[in-house]
Amino acid sequence: MTNDYLWDRTGPPDPDIVRLERLLSHLRPAADGPRVLMFPGRARHQSSRPSWPFIAAAASLAAVVVAMAGVSLRTGRSSASLDVTRLEGTATIASRPVVDRLELRAGTWLETNDQGRASIDIASVGRVEVDPDTRISLLSSRPGQHRLQLQRGTIHALIWAPPGQFVVETPSSTAVDLGCAYTLTVDEEGVGHVRVTSGWVGFEWRGRESFIPAGAVCTTRVGLGPGTPHFADTATAFNEALAVLDLPGGPAEARRVALDRVLADARPKDAMTLWHLVSRLAGPDRARVFDRLAELAPPPPGVTRAGVLAGHRIMLDDWWDTLGLGAANWWRVWKQQWRDSPGR
(Lines give C-alpha, C1' and ligand atoms only; values in the text may rest on other atoms or scores of the structure.)
Protein backbone atom coordinates (compact mmCIF):
# COMPACT_ATOMS: atom_id res chain seq x y z
CA MET A 1 0.00 0.00 0.00
CA THR A 2 1.43 3.40 -0.97
CA ASN A 3 0.87 6.38 1.27
CA ASP A 4 0.51 8.75 -1.70
CA TYR A 5 -2.60 7.01 -2.98
CA LEU A 6 -4.07 6.66 0.51
CA TRP A 7 -3.71 10.35 1.34
CA ASP A 8 -3.84 12.33 -1.90
CA ARG A 9 -4.47 9.69 -4.64
CA THR A 10 -1.30 10.63 -6.53
CA GLY A 11 0.31 7.19 -6.38
CA PRO A 12 -0.72 3.90 -7.99
CA PRO A 13 -4.09 2.64 -6.69
CA ASP A 14 -4.01 -0.10 -4.09
CA PRO A 15 -6.56 -2.86 -4.86
CA ASP A 16 -7.73 -3.16 -1.25
CA ILE A 17 -8.34 0.58 -0.97
CA VAL A 18 -10.19 0.64 -4.29
CA ARG A 19 -12.51 -2.16 -3.10
CA LEU A 20 -13.08 -0.30 0.17
CA GLU A 21 -13.95 2.88 -1.69
CA ARG A 22 -16.54 1.03 -3.73
CA LEU A 23 -18.10 -0.51 -0.61
CA LEU A 24 -18.41 2.88 1.06
CA SER A 25 -19.33 4.89 -2.03
CA HIS A 26 -23.04 5.01 -1.10
CA LEU A 27 -22.10 6.89 2.09
CA ARG A 28 -20.32 9.65 0.20
CA PRO A 29 -22.02 13.07 0.68
CA ALA A 30 -23.65 14.66 -2.32
CA ALA A 31 -21.62 17.14 -4.31
CA ASP A 32 -23.59 20.05 -2.89
CA GLY A 33 -23.95 18.60 0.61
CA PRO A 34 -21.90 19.43 3.71
CA ARG A 35 -18.21 18.63 3.32
CA VAL A 36 -16.07 17.42 6.19
CA LEU A 37 -12.29 17.42 6.01
CA MET A 38 -10.33 14.58 7.54
CA PHE A 39 -7.79 16.98 9.07
CA PRO A 40 -9.61 20.04 10.40
CA GLY A 41 -6.37 21.59 11.58
CA ARG A 42 -5.35 22.14 7.94
CA ALA A 43 -8.55 23.91 6.85
CA ARG A 44 -11.95 24.92 8.17
CA HIS A 45 -15.00 22.62 8.13
CA GLN A 46 -17.76 23.64 5.81
CA SER A 47 -20.29 22.40 8.37
CA SER A 48 -20.13 22.50 12.14
CA ARG A 49 -20.34 18.74 12.68
CA PRO A 50 -19.85 15.63 10.56
CA SER A 51 -22.87 13.93 9.08
CA TRP A 52 -23.99 10.53 10.39
CA PRO A 53 -23.21 8.88 7.05
CA PHE A 54 -19.66 10.10 7.41
CA ILE A 55 -19.43 8.72 10.95
CA ALA A 56 -20.70 5.37 9.73
CA ALA A 57 -18.17 5.39 6.90
CA ALA A 58 -15.37 6.26 9.28
CA ALA A 59 -16.40 3.46 11.64
CA SER A 60 -16.51 1.00 8.77
CA LEU A 61 -13.13 2.15 7.55
CA ALA A 62 -11.65 1.81 11.04
CA ALA A 63 -12.97 -1.73 11.31
CA VAL A 64 -11.46 -2.67 7.96
CA VAL A 65 -8.12 -1.08 8.85
CA VAL A 66 -8.02 -2.99 12.15
CA ALA A 67 -8.83 -6.23 10.35
CA MET A 68 -6.16 -5.59 7.74
CA ALA A 69 -3.64 -4.78 10.46
CA GLY A 70 -4.43 -8.09 12.15
CA VAL A 71 -3.84 -9.94 8.90
CA SER A 72 -0.57 -8.06 8.40
CA LEU A 73 0.65 -8.92 11.88
CA ARG A 74 -0.25 -12.58 11.47
CA THR A 75 1.51 -12.65 8.12
CA GLY A 76 4.59 -11.00 9.59
CA ARG A 77 4.81 -13.57 12.36
CA SER A 78 4.32 -16.53 10.10
CA SER A 79 6.98 -15.24 7.67
CA ALA A 80 9.66 -15.11 10.41
CA SER A 81 11.35 -18.14 8.88
CA LEU A 82 13.55 -18.98 5.92
CA ASP A 83 13.79 -22.10 3.77
CA VAL A 84 16.93 -24.20 4.12
CA THR A 85 18.03 -26.76 1.55
CA ARG A 86 20.64 -29.39 2.34
CA LEU A 87 23.32 -29.49 -0.35
CA GLU A 88 25.54 -32.30 0.99
CA GLY A 89 26.64 -33.94 4.22
CA THR A 90 24.70 -33.35 7.42
CA ALA A 91 22.84 -30.18 8.36
CA THR A 92 20.52 -29.80 11.35
CA ILE A 93 18.08 -27.17 12.56
CA ALA A 94 17.44 -27.27 16.30
CA SER A 95 19.07 -30.75 16.25
CA ARG A 96 16.58 -31.92 13.61
CA PRO A 97 18.23 -33.28 10.42
CA VAL A 98 17.54 -31.41 7.20
CA VAL A 99 16.65 -34.28 4.89
CA ASP A 100 15.75 -32.13 1.91
CA ARG A 101 14.21 -28.79 2.90
CA LEU A 102 13.33 -27.42 6.32
CA GLU A 103 12.32 -24.07 7.79
CA LEU A 104 14.81 -22.06 9.82
CA ARG A 105 12.68 -20.17 12.32
CA ALA A 106 13.67 -17.14 14.36
CA GLY A 107 15.66 -18.18 17.40
CA THR A 108 16.77 -21.55 16.02
CA TRP A 109 20.24 -22.62 14.87
CA LEU A 110 21.34 -24.20 11.61
CA GLU A 111 24.48 -26.30 12.03
CA THR A 112 26.55 -28.21 9.51
CA ASN A 113 29.05 -30.97 10.24
CA ASP A 114 32.56 -31.28 8.79
CA GLN A 115 31.13 -32.29 5.41
CA GLY A 116 27.78 -30.53 5.55
CA ARG A 117 26.69 -27.75 3.25
CA ALA A 118 23.33 -26.00 3.02
CA SER A 119 21.62 -23.12 1.26
CA ILE A 120 19.38 -20.51 2.89
CA ASP A 121 16.80 -18.81 0.68
CA ILE A 122 16.50 -15.19 1.87
CA ALA A 123 12.97 -14.63 0.51
CA SER A 124 13.26 -12.41 -2.59
CA VAL A 125 16.44 -10.81 -1.29
CA GLY A 126 19.15 -13.35 -2.09
CA ARG A 127 20.75 -16.61 -1.11
CA VAL A 128 23.30 -17.70 1.49
CA GLU A 129 25.38 -20.85 1.12
CA VAL A 130 26.61 -22.35 4.36
CA ASP A 131 29.95 -24.19 4.47
CA PRO A 132 30.93 -27.14 6.71
CA ASP A 133 31.42 -26.65 10.46
CA THR A 134 29.17 -23.59 10.56
CA ARG A 135 26.64 -22.46 13.17
CA ILE A 136 24.20 -19.76 12.12
CA SER A 137 20.80 -18.62 13.38
CA LEU A 138 17.89 -16.50 12.21
CA LEU A 139 17.28 -13.46 14.40
CA SER A 140 14.40 -11.97 12.42
CA SER A 141 12.89 -12.00 8.96
CA ARG A 142 10.32 -9.64 7.52
CA PRO A 143 9.84 -7.72 4.29
CA GLY A 144 12.65 -5.25 3.87
CA GLN A 145 14.97 -6.70 6.50
CA HIS A 146 16.46 -10.10 7.23
CA ARG A 147 18.88 -10.59 10.09
CA LEU A 148 21.14 -13.60 10.70
CA GLN A 149 23.72 -14.35 13.37
CA LEU A 150 26.92 -16.18 12.42
CA GLN A 151 28.53 -17.68 15.50
CA ARG A 152 31.25 -19.63 13.69
CA GLY A 153 32.09 -20.98 10.26
CA THR A 154 31.75 -19.60 6.75
CA ILE A 155 28.90 -18.28 4.62
CA HIS A 156 28.76 -17.04 1.03
CA ALA A 157 26.09 -14.38 0.54
CA LEU A 158 24.70 -13.34 -2.82
CA ILE A 159 22.26 -10.44 -2.40
CA TRP A 160 20.38 -8.97 -5.35
CA ALA A 161 17.89 -6.82 -3.44
CA PRO A 162 18.35 -3.07 -2.83
CA PRO A 163 20.95 -2.20 -0.17
CA GLY A 164 20.34 -2.57 3.54
CA GLN A 165 17.92 -5.51 3.54
CA PHE A 166 20.35 -8.17 4.73
CA VAL A 167 22.32 -8.01 7.99
CA VAL A 168 24.62 -10.55 9.64
CA GLU A 169 25.60 -10.21 13.27
CA THR A 170 28.99 -11.66 14.29
CA PRO A 171 30.70 -11.76 17.71
CA SER A 172 32.73 -8.68 16.80
CA SER A 173 30.82 -6.65 14.18
CA THR A 174 27.61 -6.23 12.26
CA ALA A 175 27.88 -6.76 8.50
CA VAL A 176 25.35 -4.73 6.50
CA ASP A 177 24.90 -5.65 2.86
CA LEU A 178 24.93 -2.77 0.41
CA GLY A 179 23.98 -4.79 -2.67
CA CYS A 180 26.76 -7.30 -3.03
CA ALA A 181 28.28 -10.75 -2.91
CA TYR A 182 30.71 -11.65 -0.18
CA THR A 183 32.23 -14.43 1.93
CA LEU A 184 32.18 -14.06 5.71
CA THR A 185 34.11 -16.32 8.09
CA VAL A 186 34.15 -16.40 11.90
CA ASP A 187 36.68 -18.58 13.76
CA GLU A 188 36.35 -20.26 17.13
CA GLU A 189 37.65 -17.14 18.91
CA GLY A 190 35.11 -14.87 17.24
CA VAL A 191 37.54 -13.23 14.83
CA GLY A 192 35.74 -12.42 11.58
CA HIS A 193 37.02 -11.98 8.04
CA VAL A 194 35.05 -10.69 5.05
CA ARG A 195 36.00 -10.78 1.38
CA VAL A 196 33.77 -8.80 -0.98
CA THR A 197 33.45 -9.86 -4.62
CA SER A 198 30.84 -7.34 -5.80
CA GLY A 199 29.16 -4.23 -4.41
CA TRP A 200 30.33 -3.38 -0.91
CA VAL A 201 29.72 -4.28 2.73
CA GLY A 202 29.55 -2.06 5.78
CA PHE A 203 31.11 -3.34 9.02
CA GLU A 204 30.13 -1.58 12.25
CA TRP A 205 30.83 -2.02 15.96
CA ARG A 206 30.06 0.68 18.55
CA GLY A 207 30.51 3.50 16.05
CA ARG A 208 33.68 2.08 14.46
CA GLU A 209 32.98 1.63 10.76
CA SER A 210 34.63 0.02 7.77
CA PHE A 211 33.47 0.26 4.16
CA ILE A 212 34.66 -2.80 2.21
CA PRO A 213 34.29 -2.47 -1.57
CA ALA A 214 34.55 -5.21 -4.19
CA GLY A 215 38.01 -6.77 -4.25
CA ALA A 216 38.74 -5.80 -0.65
CA VAL A 217 38.97 -7.72 2.62
CA CYS A 218 38.64 -6.77 6.26
CA THR A 219 39.23 -8.45 9.61
CA THR A 220 37.11 -7.79 12.69
CA ARG A 221 38.14 -8.71 16.24
CA VAL A 222 36.17 -9.22 19.45
CA GLY A 223 36.34 -6.13 21.63
CA LEU A 224 37.95 -4.05 18.86
CA GLY A 225 35.51 -4.19 15.97
CA PRO A 226 36.40 -3.90 12.29
CA GLY A 227 39.99 -3.34 11.27
CA THR A 228 41.23 -1.29 8.34
CA PRO A 229 40.07 -2.75 5.02
CA HIS A 230 42.54 -3.26 2.20
CA PHE A 231 42.47 -4.73 -1.27
CA ALA A 232 43.19 -8.43 -1.49
CA ASP A 233 46.18 -7.91 -3.78
CA THR A 234 48.20 -5.75 -1.38
CA ALA A 235 51.64 -6.98 -0.37
CA THR A 236 52.13 -9.07 2.76
CA ALA A 237 54.31 -6.38 4.37
CA PHE A 238 51.56 -3.81 3.80
CA ASN A 239 48.96 -6.06 5.46
CA GLU A 240 51.19 -6.86 8.43
CA ALA A 241 51.82 -3.16 8.97
CA LEU A 242 48.06 -2.49 8.95
CA ALA A 243 47.56 -5.19 11.59
CA VAL A 244 50.06 -3.40 13.85
CA LEU A 245 48.16 -0.13 13.44
CA ASP A 246 44.79 -1.77 14.07
CA LEU A 247 45.80 -3.20 17.44
CA PRO A 248 45.71 -0.66 20.27
CA GLY A 249 48.88 0.15 22.18
CA GLY A 250 52.14 -1.50 21.26
CA PRO A 251 55.60 0.05 21.13
CA ALA A 252 55.59 3.51 19.61
CA GLU A 253 58.57 2.68 17.41
CA ALA A 254 56.85 -0.39 15.97
CA ARG A 255 53.79 1.69 15.13
CA ARG A 256 55.92 4.38 13.49
CA VAL A 257 57.68 1.80 11.32
CA ALA A 258 54.32 0.23 10.40
CA LEU A 259 52.88 3.59 9.34
CA ASP A 260 56.01 4.33 7.30
CA ARG A 261 55.48 1.05 5.44
CA VAL A 262 51.81 1.68 4.72
CA LEU A 263 52.38 5.22 3.45
CA ALA A 264 55.36 4.24 1.31
CA ASP A 265 53.68 1.22 -0.30
CA ALA A 266 50.22 2.73 -0.84
CA ARG A 267 49.09 2.74 -4.48
CA PRO A 268 46.45 5.09 -5.89
CA LYS A 269 43.66 2.56 -5.26
CA ASP A 270 44.90 2.14 -1.67
CA ALA A 271 43.45 5.59 -1.03
CA MET A 272 40.50 3.54 0.26
CA THR A 273 42.70 2.17 3.06
CA LEU A 274 44.23 5.55 3.89
CA TRP A 275 40.75 7.10 4.01
CA HIS A 276 39.94 4.74 6.89
CA LEU A 277 43.27 5.36 8.63
CA VAL A 278 42.96 9.14 8.60
CA SER A 279 40.01 8.97 11.01
CA ARG A 280 41.50 6.22 13.20
CA LEU A 281 44.88 7.71 13.93
CA ALA A 282 45.48 10.92 15.83
CA GLY A 283 47.90 13.82 16.10
CA PRO A 284 50.95 13.83 13.81
CA ASP A 285 50.09 10.37 12.47
CA ARG A 286 46.72 11.60 11.20
CA ALA A 287 48.41 14.56 9.54
CA ARG A 288 50.88 12.24 7.76
CA VAL A 289 48.06 10.06 6.47
CA PHE A 290 46.11 13.10 5.26
CA ASP A 291 49.08 14.38 3.27
CA ARG A 292 49.68 11.02 1.58
CA LEU A 293 45.98 10.50 0.88
CA ALA A 294 45.79 13.97 -0.67
CA GLU A 295 48.64 12.98 -3.02
CA LEU A 296 46.84 9.81 -4.14
CA ALA A 297 43.29 11.23 -4.27
CA PRO A 298 43.11 15.03 -4.00
CA PRO A 299 40.28 16.15 -1.71
CA PRO A 300 37.24 17.75 -3.38
CA PRO A 301 36.33 21.42 -2.93
CA GLY A 302 35.20 22.13 0.60
CA VAL A 303 37.25 19.36 2.17
CA THR A 304 40.06 21.04 4.07
CA ARG A 305 43.11 19.75 5.90
CA ALA A 306 42.03 21.48 9.11
CA GLY A 307 38.54 20.01 8.88
CA VAL A 308 39.70 16.44 8.27
CA LEU A 309 42.29 16.64 11.05
CA ALA A 310 39.48 17.82 13.32
CA GLY A 311 37.48 14.71 12.37
CA HIS A 312 34.61 16.36 10.46
CA ARG A 313 32.48 13.43 9.29
CA ILE A 314 30.78 15.27 6.41
CA MET A 315 34.14 16.18 4.91
CA LEU A 316 35.33 12.60 5.18
CA ASP A 317 32.15 11.34 3.53
CA ASP A 318 32.54 13.87 0.70
CA TRP A 319 36.10 12.69 0.18
CA TRP A 320 34.99 9.04 0.11
CA ASP A 321 32.46 9.86 -2.60
CA THR A 322 35.29 10.92 -4.93
CA LEU A 323 37.02 7.53 -4.72
CA GLY A 324 34.56 5.89 -7.12
CA LEU A 325 33.55 3.20 -4.63
CA GLY A 326 29.95 4.21 -3.94
CA ALA A 327 28.29 6.94 -1.91
CA ALA A 328 28.81 7.17 1.84
CA ASN A 329 25.22 8.38 2.15
CA TRP A 330 24.04 4.85 1.26
CA TRP A 331 25.64 3.62 4.44
CA ARG A 332 24.33 6.45 6.60
CA VAL A 333 20.74 5.88 5.46
CA TRP A 334 20.69 2.09 5.67
CA LYS A 335 22.61 1.91 8.94
CA GLN A 336 20.04 4.19 10.55
CA GLN A 337 17.22 2.00 9.26
CA TRP A 338 18.56 -1.25 10.71
CA ARG A 339 19.52 0.47 13.95
CA ASP A 340 15.97 1.80 14.35
CA SER A 341 14.31 -1.47 13.34
CA PRO A 342 12.26 -3.46 15.90
CA GLY A 343 14.22 -6.14 17.67
CA ARG A 344 17.51 -4.30 17.31
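A residue is called buried when its relative accessible area is under 20%, exposed when over 50%, and partly exposed in between (1.4 Å probe, protein chains only). In this predicted model, local features need pLDDT of at least 70, side-chain atom pairs count only at pLDDT 80 or more, and totals for chains, interfaces and linings use all residues. Residues are numbered from 1 along each chain as its sequence is written, and side-chain values use heavy atoms, with hydrogens and water left out.

**Aromatic pairs**

Phenylalanine 211 and tryptophan 320 are both buried. Phenylalanine 211 belongs to strand β15 (residues 208-213) and tryptophan 320 to helix α9 (residues 313-321), so the pair ties together parts that are 109 residues apart in sequence. Helices (H or I, at least four residues) and strands (E, at least two) are DSSP runs, numbered from the N terminus. Ring pairs also link Trp200, Phe211, Trp275 and Trp320 into a cluster.

Trp275 is among the buried residues of α6. In this helix (residues 271-280), eight of the ten residues are buried, and α6 is mostly covered.

**Helix packing**

Two packed helices are described by the angle between their axes and the distance between the axes. Axes are lines fitted to C-alpha atoms, for helices over the stretch in contact, and angles run from 0 to 180 degrees between N-to-C directions.

| Helix pair | Angle | Axis distance |
|---|---|---|
| α4 (residues 236-246) and α5 (residues 252-265) | about 135° | 8 Å |
| α5 and α7 (residues 283-296) | roughly 10° | within 10 Å |

The angle of about 135° makes α4 oblique to α5, whereas the angle of roughly 10° makes α5 roughly parallel to α7. Angles under 35 degrees count as roughly parallel, over 145 as roughly antiparallel, 65 to 115 as roughly perpendicular and the rest as oblique.

In the contact of α4 with α5 (heavy atoms within 4.5 Å), the α4 residues include Phe238 and Leu242, and those of α5 include Ala258 and Val262. The residues of this contact divide into ten nonpolar, no polar and three charged. Ala, Val, Leu, Ile, Met, Phe, Trp, Tyr, Cys and Pro count as nonpolar, Asp, Glu, Lys and Arg as charged, and the others, Gly among them, as polar.

Leu259, Asp260, Leu263 and Ala264 of α5 meet Asp285, Arg288, Val289 and Arg292 of α7. That contact comprises four nonpolar, no polar and four charged residues.

Technical notes:
Rings of Phe, Tyr and Trp (its six-membered ring) pair if their centres lie within 6.5 Å; planes under 30 degrees apart count as stacked, over 60 as edge-to-face and the rest as tilted.
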